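My notes follow in the order I checked them.

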Amino acid sequence: ANALLKTLEEPSGNAVLLLVVDSPRRLPATIVSRCQRLRVPRPAPDVARTWLATVDPALDWTPWLELAG
């Protein structure tokens, strides 16, 4: 936690840090206070499948989306 706090306080150069968590309430308050919260909604399965098909059209993404929930 201390190393992360130091990085958040003094990022190098033009760094952009993305901290992805599933339970933000479990983070120490000192870390939360240095972050900007952005909620990213889960896309609908059809939207996700269409976008993923542009990445690899030959792959059936349905099982992967089901696994990811």
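**Salt bridges.** I counted three salt bridges in this predicted model.

I took the pair Glu9 and Arg34 first. Their closest N and O atoms are 2.9 Å apart. I noted that this pair links distant parts of the chain, with Glu9 in helix H1 and Arg34 in the loop between H2 and H3, 25 residues apart. Glu9 is partly exposed at a relative accessible area of 40%, and Arg34 is also partly exposed, at 38%.

Next I looked up Glu10, whose side chain meets that of Lys6 in a salt bridge of 3.3 Å, N to O. Lys6, at 46%, is partly exposed.

The remaining entry is Asp46 with Arg49, where the closest N and O atoms are 2.9 Å apart. I asked how far apart Asp46 and Arg49 are in helix H3. They are separated by about one helical turn, because they lie three residues apart in that helix. Asp46 is exposed at 56% relative accessibility, while Arg49 is partly exposed at 28%.

**Largest pocket.** I read a volume of about 780 Å³ for the largest pocket. Its lining has 23 residues, and Leu19, Val20, Gln36, Arg37 and Leu38 lie nearest the centre.

**Second largest pocket.** This one has a volume of about 260 Å³. I found Arg49 again in its lining, along with others including Arg42, Pro43, Thr62 and Glu66. Helices H3 (45–55) and H4 (62–68) are the elements that give two or more residues to this lining. H4 has the largest share, four residues. The lining divides into five nonpolar, two polar and three charged residues.

**Surface.** I went back to Leu19, which lies in the loop between H1 and helix H2 (29–32). Leu19 is partly exposed at 40% relative accessibility. With Leu4 and Val21, Leu19 makes a nonpolar surface patch of about 210 Å².

Last, I checked Thr50 in helix H3. Thr50 is exposed, with a relative accessible area of 54%. I also took the C-alpha separation of Thr50 and Trp61, which is 9.3 Å for residues eleven apart along the chain.

Definitions and conventions. Residues numbered from 1 in each chain as written. Predicted model: local features only at pLDDT ≥ 70, side-chain atom pairs only at ≥ 80, totals over all residues. Heavy atoms only, no water. 1 Å grid on protein atoms, 1.4 Å probe; cavity = no way out; pocket = protein on both sides within 12 Å on 5 of 7 lines; lining within 4 Å. Points joined across faces, edges and corners; volume = space filled by probe spheres on them. Nonpolar A, V, L, I, M, F, W, Y, C, P; charged D, E, K, R; others polar. Patch = residues over 30% accessible without salt bridge, like charges linked within 9 Å, V, L, I, M, F, W, Y side chains within 5 Å. Areas by Shrake-Rupley, 256 points an atom, 1.4 Å probe, with all protein chains shown as cover. Salt bridge = Lys/Arg side-chain N within 4 Å of Asp/Glu carboxyl O. Buried < 20%, exposed > 50% of the residue type's maximum accessible area, 1.4 Å probe, protein only.
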